[in-house]
Amino acid sequence: MGDTLEFNEIYQEVKGSWNDGRLRLAKQNVVYKSSKTGRVDNIPAAELSAAQWRRVCLGHGIKLSTSSGHVYKYDGFRDTDFEKMSEFFKANYKVELTEKDMCVKGWNWGTAKFSGPQLAFDVNDSTVFEIPLNSVSQCATGKNEVTLEFHQNDDAEVSLMEVRFYVPPGPSDEGQDPVEAFAQNVLSKADVIQATGDAVCVFKELQCLTPRGRYDIRIYPSFLHLHGKTFDYKIPYTTVLRLFLLPHKDQRQMFFVISLDPPIKQGQTRYHFLILLFSKEEDLSLTLNMSEEDVERRFEGKLSKNMSGSLYEMVSRVMKALVNRKITVPGNFQGHSGTQCITCSYKASSGLLYPLERGFIYVHKPPVHLRFEEISCVNFARGTTTTRSFDFEIETKQGNQYTFSSIEREEYGKLFDFVNAKKLNIKNRGFKEGLKGNKDEYSDSDEDQHDAYLERMKAEGKIREEANDSEESDGESDESFNPGEEDDEVAEEYDSNASESDSSEGEGGSDQEEKSKKKAKKPKVVKEKKERKPRREKKQKDVGGPKRPMSAYMLWLNASRERIKGENPGISVTEISKKAGEMWRGLGKEDKEEWDGKAVEARKAYEKAKQEYNESSEGVSALAAKKEAKKKPAKKEEKKRKSAGAEKEKERGGGGGGGGGGVGGGGNDSFKSKEFIETSEDSASETEGKSKSKSKSKSKAKAESKEESEEEEEEASTPHSSEPEESD
C-alpha cells in the first residue's frame, strides 16, 4: 500500500450540477481540487469521524463526515476501488469505510432527521435523499406545511426550485409547534442571509465597476452587504473564491477584485466578479465595531481595533481577514512601459491584461480569469486592422477561446518570454516545435528557439526607424539649403519670368533673391541616374549538341515515377513531386550512393560526347563563316543598284511630264511616273484601285525605255502594276 491514493474524474455535486476534479488520499489529509473553479477542499486526517461507501447515479461514491460537522460527498468511483480504499482508511485514518444502501422504494412518507448541515429523509432507516441546508435560500411555513426554496445554479440543466414537507399535527418533544420546530432547524443551518446586529465596519461611497455604481459596503461577520441607490447585494463569504489586488497602468489607481461562485444576480445578468476602483491618494482611519478582546480572539492579530492607511489597503486587509483567503497580486512580469499589465481589447472594449504567477486576469468589461492549468494552448496572431499590433489568443481545455486584441507590438517580446517561462504550449511555434508540442503538452520552452514572427516584427521596426531617420535628414538638408547660392537654378525652376530676373539683376537683385527664397523652401533634389549595365547577350542554344546529364535525384525520380503512381492512384503531377521529395529525403545513405554513382557516369559520358561534338563542329562552323563572308558584299551591291534605279525613275518621271506624256512598254507594269509616285505617297489604296481598273496602254514604249524597265523589274523586290497617265 502506497503513501497516497489518487483518483481522476471524481465528481462533486454543487447545487444541482456536477463538477469534476481530482481526489488525493494522503496520510495527513484528504484533498479534492475542482477542475472548473480550482477550489480546494482540504480535510485533515485527524478531523475525519465517519466514512460511507454508497451506490449513487455515477457509479459509487463516498460520504465523509468531520468532527466539526462538515459533510463532503464525492462520486465517480468504480466497484473495484472499495477494497483498496477501505484498507487505506483503516491503516491511515483509523476509520472504517462502511457500506450504506440507499432506499429506492419510492415512498414519500418517512422520517426527517437533521444531522449537522444536512436534512436526511429516511424510510425504515434507509436514506431516500439528503438536502444540504446551505442550498436553502428561503423557508416558509403554513398550516402543517414547510416549504423550502433553493439557490439556483446557472450551470445546471435542471434545477430544483422548492420542496414541501407535510408535518402532521401534534406537540413536539419540547412542547412547541412541530412546524415551527422544523422551520427553526432548517433556518439554523440554511444559507438565509438576515442583516441582524451591527456591522463590523462600514465603507462609504466606494466606486464599483461591476456592478456599476457607488455602493456602501457593510462588513458583517458572515457576509458582505453592498447597499446602493437602486440595488442591494448580500454576498456570503463562503461564495468568495479569490481576492486580487492589481495596480492600474497609470500607477495612481488600484483595482480590488473579488471572484464569486455562485455569482450575484441582477435580473438576468450574472456578476462573477466584484471590481472596486480606488485612488492611491485616498486615506482612511478605521475603527472596528468590536472590543479589542473580540478582535484579538476572532482575527488572531490580523486586524486591530484602530487602523489607518490607504483606503484600498484597509478594504483588502479586512476582506482577507474575514474571508480567510490570500490576496493575489501580479508577479514578476513587467511590460514594455514598465508596468505589470498590458493594454488590450476584449470583445470590442478596452481593458488591462495582467499576467499572474498562476494565470491571467483581464479587467474590467467583462472580467476574465484563466488559470494555467485550464489553458490548453496560446497563440500569437497578427492584428487584423494594423501591423503595429498583434492578438493574443488563449484556448482552454474545454474548447473555449479568448482573444485579446490590439496589443502593442513592443509588448510581444515580454509576453512571449513570460509564456515560455511558464511552459505554456504555444500553438504557432513552427513545424519542429509543433511536433514537440504534440508529444508533450507542457514541453520545455527554455531553450533558444527561433521565432519567425518576432524576427519579422523586429525587421519591420527597423525599416520604420530607417524611414523616420531619412525623413529627419531630408528636413535638415532642406533647412540648411541656401537659395542665394544657386540663383540661376532657382529662377529657372520657380520663377516664371526667369529671363527678366536675369536682366534686372543690377536694379532689383535683392527683391528677386527674397522672392526666390520664399518660393524655394523645398528645392527639388535631382538625383543622378545610374548608368545601366549593358545586358548580357543570351547564349544561343546549340540544338544539335548533346543534352546535359541528369542529377542523382532526377535519375531516381524517372525510375520511381511509375511506382509512385501505382502506390498513389489519382495523384496529380505536383503531388508526385512533393511525394518524391519526401521519399528522396527518407532514402538511406547507401541507396543515395547508388544514384550518385549513376549521375557521375552520366556526367563523364556527357563530357566525352561534348568534346567529340565540338571537334566535329569546327569544320562546319568554318564553312558557315565563309558563306557569310560571301553574302555581305553581294548585299552591298544590291543596295547600290536599288538606289541608282530610284534616281533614274525620278529623272524619267520629270522628262515624261515635260514632253507631254509618259510611255511604257506594253507588258511592263513596274514603270512609275512622277505623278504616280506623289499620289501613291498620299493614298496608296486609291492608286492601286486605279491601276487595276485601267486597260492596257494606248501608246507603245520606245525600245530604250523598254529595255531599262526590264532591268528595273528585275531589281525591284515587289512589282507595281501602273499605267502612264496622260499629261495636261
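These legends walk you through an overview and two close-up views of a predicted model.

View 1. Of its 728 residues, 34% are buried. If you consider contacts between residues at least 6 apart in sequence, 48% of them link residues at least 24 apart.

**View 2. A patch of negative charge on the surface.** Here you can find Asp79, Glu83, Glu87, Glu99 and Asp101, which gather into a negatively charged surface patch. Glu83 is a handy place to start: this residue lies in helix H1, which spans residues 81-93. Is Glu83 buried or exposed? Its relative accessibility is 60%, so Glu83 counts as exposed, because the exposed class begins over 50%.

**View 3. A patch of positive charge on the surface.** In this view, Lys302, Lys320, Lys326 and Arg358 come together as a positively charged patch on the surface. To get your bearings, look for Lys320 in helix H4, made up of residues 311-323. How does Lys320 count in terms of accessibility, and why? With a relative accessibility of 43%, Lys320 counts as partly exposed, because that class lies between the buried limit of 20% and the exposed limit of 50%.

Note on methods: Residues numbered from 1 in each chain as written. Predicted model: local features only at pLDDT ≥ 70, side-chain atom pairs only at ≥ 80, totals over all residues. Heavy atoms only, no water. Patch = residues over 30% accessible without salt bridge, like charges linked within 9 Å, V, L, I, M, F, W, Y side chains within 5 Å. Areas by Shrake-Rupley, 256 points an atom, 1.4 Å probe, with all protein chains shown as cover. Salt bridge = Lys/Arg side-chain N within 4 Å of Asp/Glu carboxyl O. Lys, Arg positive; Asp, Glu negative; His and termini not counted. Charge placed at Lys NZ, Arg CZ, Asp CG, Glu CD. Helix = DSSP H or I, 4+ residues; strand = E, 2+ residues; numbered from the N terminus. Buried < 20%, exposed > 50% of the residue type's maximum accessible area, 1.4 Å probe, protein only. Contact = heavy atoms within 4.5 Å.
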